[in-house]
Amino acid sequence: MATVSPPIDEFTRLLRPLSTSEIEVARRLSELEDGWAIYVQPRLGLDIPDFVAVHDVYGVCVVEMKDWAFGKY
């Protein structure tokens with residue numbers, strides 16, 4: 001299993017609460033194989049993406065979520 005930081009049970013302490021969809025994505029990312037490090041809302045300069053997944057072999061993946069609803073955007 002991947003390492004998630006902060007751990008899923010501490011998501012309520014985040015400055016910007018995660019949506020239901022974001023929590024589900026975090027749970028799915030946590031199921032990645034060993035070697036993955038998942039960072040939730042990390043600060044990267046002036047940006048705060050929802051997730052950054054890092055692996056020594058596979059590289060880095062940044063995930064930005066948008067809850068889509070008809071007419072919302």
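**Salt bridges and sheet**

A: Happy to! By the rule used here, the count comes to 5 salt bridges, a salt bridge being a side-chain nitrogen of Lys or Arg within 4 Å of a carboxyl oxygen of Asp or Glu. Keep in mind that this is a predicted model, where local features need pLDDT of at least 70, side-chain atom pairs count only at pLDDT 80 or more, and totals for chains, interfaces and linings use all residues. Residues are numbered from 1 along each chain as its sequence is written, and side-chain values use heavy atoms, with hydrogens and water left out.

Q: What is pLDDT, and what is the mean for the chain?

A: pLDDT is the predictor's confidence in each residue, from 0 to 100. The chain has a mean of 91, and 96% of its residues reach 70 or more.

Q: Where in the chain is confidence lowest, and where is it highest?

A: Confidence is lowest in α1, at a mean of 93, and highest in β2, at 98. Those labels are for helices (H or I, at least four residues) and strands (E, at least two), which are DSSP runs numbered from the N terminus.

Q: Back to the salt bridges. Which residues are linked in a network?

A: That network links Arg-16, Glu-22 and Asp-50. Between Arg-16 and Asp-50, the closest N and O atoms are 2.6 Å apart. Arg-16 is in the loop between β1 and α1, and Asp-50 is in the loop between β2 and β3, so this pair ties together parts that are 34 residues apart in sequence. Arg-16 also forms a salt bridge with Glu-22, with the closest N and O atoms 3.6 Å apart.

Q: Is Asp-50 buried or exposed? And what about the other two?

A: Asp-50 is buried, with a relative accessible area of 1%. Glu-22 is buried as well, at 6%, while Arg-16 is partly exposed, at 37%. Buried means under 20% relative accessible area, exposed means over 50%, and partly exposed is in between (1.4 Å probe, protein chains only).

Q: Which residue does Arg-28 form a salt bridge with?

A: Arg-28 pairs with Glu-24, and their closest N and O atoms are 2.9 Å apart. Both residues lie in helix α1, 4 residues apart, which is about one turn of the helix. Arg-28 counts as exposed, at 51% relative accessibility, and Glu-24 as partly exposed, at 36%.

Q: New topic: the sheet. What is the order of its strands?

A: The order is β1-β2-β3-β4, in an open sheet of 4 strands with mixed pairing. Two strands pair if DSSP finds at least two bridges between them. β1 (3-5) and β4 (59-63) stand at the edges with a single partner strand each, so one side of each is left without a neighbour in the sheet. From one strand to the next, the twist averages 15°.

Q: How are angles like that defined?

A: Axes are lines fitted to C-alpha atoms, for helices over the stretch in contact, and angles run from 0 to 180 degrees between N-to-C directions.

Q: OK, so which way do β1 and β2 pair?

A: They pair in the parallel sense over 3 bridges, with β2 covering residues 36-40. Val-4 stands opposite Ile-38 in that pairing. Helix α1 (residues 20-30) packs on the sheet and touches β1, β2 and β3 (51-55), its direction making about 5° with that of β3. Contact here means heavy atoms within 4.5 Å.

Q: How many bridges join β2 to β3?

A: There are 5 bridges between them, and these two strands run antiparallel. Ile-38 stands opposite Ala-53 in β3.

Q: And what joins β3 to β4?

A: A hairpin does, through 3 residues. β3 and β4 pair in the antiparallel sense over 5 bridges. Val-54 has Val-60 in β4 as its bridge partner, and His-55 stands opposite Gly-59. As for cover, 4 of the 5 residues of β3 are buried.

Q: Last one: which residues touch the most other members of the largest nonpolar core?

A: Phe-11, Ile-38, Val-40 and Phe-51 do, out of 13 residues in that core. A nonpolar core is a set of buried Ala, Val, Leu, Ile, Met, Phe, Trp, Tyr and Cys residues joined through side-chain atoms within 4.5 Å. α1, β2 and β3 are the elements that give two or more residues to this core, and β2 gives the most, with 3 residues.
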